[in-house]
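The points below concern charged side chains and helix packing.

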Amino acid sequence: MKKALLYSNAYRKRPSFFLVMAIIGLLAALIGFSKTFFIPVGQGTFSAPAGVHIHGFFAFSWIFLFVIQPFLIHFGKFRIHQILGVAGIIIAFGVAITMVPAGLFQVHKELAQGLGPTSYSTLLGVITSGLLFLGLVLAGIYNRDRPEHHKRYMLLATIVVLWPAWFRFRHFFPQIPYPEIWFALVLADSLIIIAWAYELYKYGKLHPVLKYAGLFVIVEQVLEILLFDSSPYRKLAIWIYGIVS
C-alpha cells in the first residue's frame, strides 16, 4: 500500500519532461548508430563478434525500457512498471557486462587501423562508463521507493549509456574538429544541463540527485578526456586489457 501510494504521488506530480528526455535518447540512439550499425546490418556489410550484437541488444533494450516506464507511470500501470523494473536490473547488468567484449572489439578494430598503443586507451573509457552506468542504476534501484530520486538516477544512467550514440554523430558532421569533445562530451552532457535548467525553471532549485550525481558524471567525463592516452591512463588500460582479453 505504501509503495503504491508513493508511485501514485509520483504519477500526480510527474512532469512530462522525463518522457521527453527518454524519447530524445531513443532518437539519438537510432540516428547515431544508423550509419555504423543499422544501415550496414541492413546491407549485410556489418561484421562483428556475437558479443557486440548482444551488447547492442541489451543497450537498446535499456533505452526502450526507459521510454516505456514513464508511459506506464503516466497511465497508472504501477504494477507493470514494477515488474519491468525487475527486468531492468537484468538488462542493466547485461549492458555493463557486455561493454567488455564491445570495448575489446573497438581496441582490435583500432589496432587493425594502425592506431598503435593508443587503441588500448579506448578500453578504459568503456570500462569506466560501464561502472558509472551500473552505479547509477543500482542507486536508482536502492531509491525505488523514493520516486523523485529513482527517476533522476535512471535518467543519468541512460545519459551515460547514450554517449557512444552521440559520439557517432561525428559521422554526420565530419568537418567539426575535436568530436570527442563536441559530441561525446558537450552534446551528450548537454542533457544534464537541460535537466538542470528545467528543474530551476519548474522548481526554483536543483534536486540533489541531479545536482550532485549529474555534476559527478560531467566531471568524470571531462577528466577522462583530459587524461585520455596519457602514460598512466594507457598503462592502466593495457593492464585491464591483459585481464579481460
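This is a predicted model: local features need pLDDT of at least 70, side-chain atom pairs count only at pLDDT 80 or more; totals for chains, interfaces and linings use all residues.

1. Glu 148 is partly exposed, with a relative accessible area of 27%.

2. Both Glu 148 and Lys 151 belong to helix H7 (residues 147-161), where they stand three residues apart, about one turn of the helix.

3. A salt bridge of 2.4 Å, N to O, joins the side chains of Glu 199 and Arg 152. Since Glu 199 lies in helix H9 and Arg 152 in helix H7, this pair ties together parts that are 47 residues apart in sequence. Glu 199 is buried at 1% relative accessible area, and Arg 152 is buried at 2% relative accessibility.

4. Glu 148, Lys 151, Arg 152 and Glu 199 are linked in a network of salt bridges. The count of salt bridges comes to four. One of them pairs Arg 234 with Asp 229 at 2.9 Å, N to O; Arg 234 is partly exposed, at 26% relative accessibility.

5. Helix H9 (residues 179-203) also packs with helix H2 (residues 17-32), at an angle of about 165° and with the axes 12 Å apart. The two helices are therefore roughly antiparallel. The crossing of H2 past H9 is right-handed. H2 contributes Phe 17, Met 21 and Ile 24 to the contact, and H9 contributes Leu 191, Ile 194, Ala 195 and Tyr 198. These contact residues comprise seven nonpolar, no polar and no charged.

Terms used:
Residues are numbered from 1 along each chain as its sequence is written. Side-chain values use heavy atoms; hydrogens and water are left out. Axes are lines fitted to C-alpha atoms, for helices over the stretch in contact, and angles run from 0 to 180 degrees between N-to-C directions. Helices (H or I, at least four residues) and strands (E, at least two) are DSSP runs, numbered from the N terminus. Angles under 35 degrees count as roughly parallel, over 145 as roughly antiparallel, 65 to 115 as roughly perpendicular and the rest as oblique. A crossing is left-handed if the near helix is turned anticlockwise from the far one by less than a right angle, and right-handed if clockwise. Contact means heavy atoms within 4.5 Å. Ala, Val, Leu, Ile, Met, Phe, Trp, Tyr, Cys and Pro count as nonpolar, Asp, Glu, Lys and Arg as charged, and the others, Gly among them, as polar. Buried means under 20% relative accessible area, exposed over 50%, partly exposed in between (1.4 Å probe, protein chains only).
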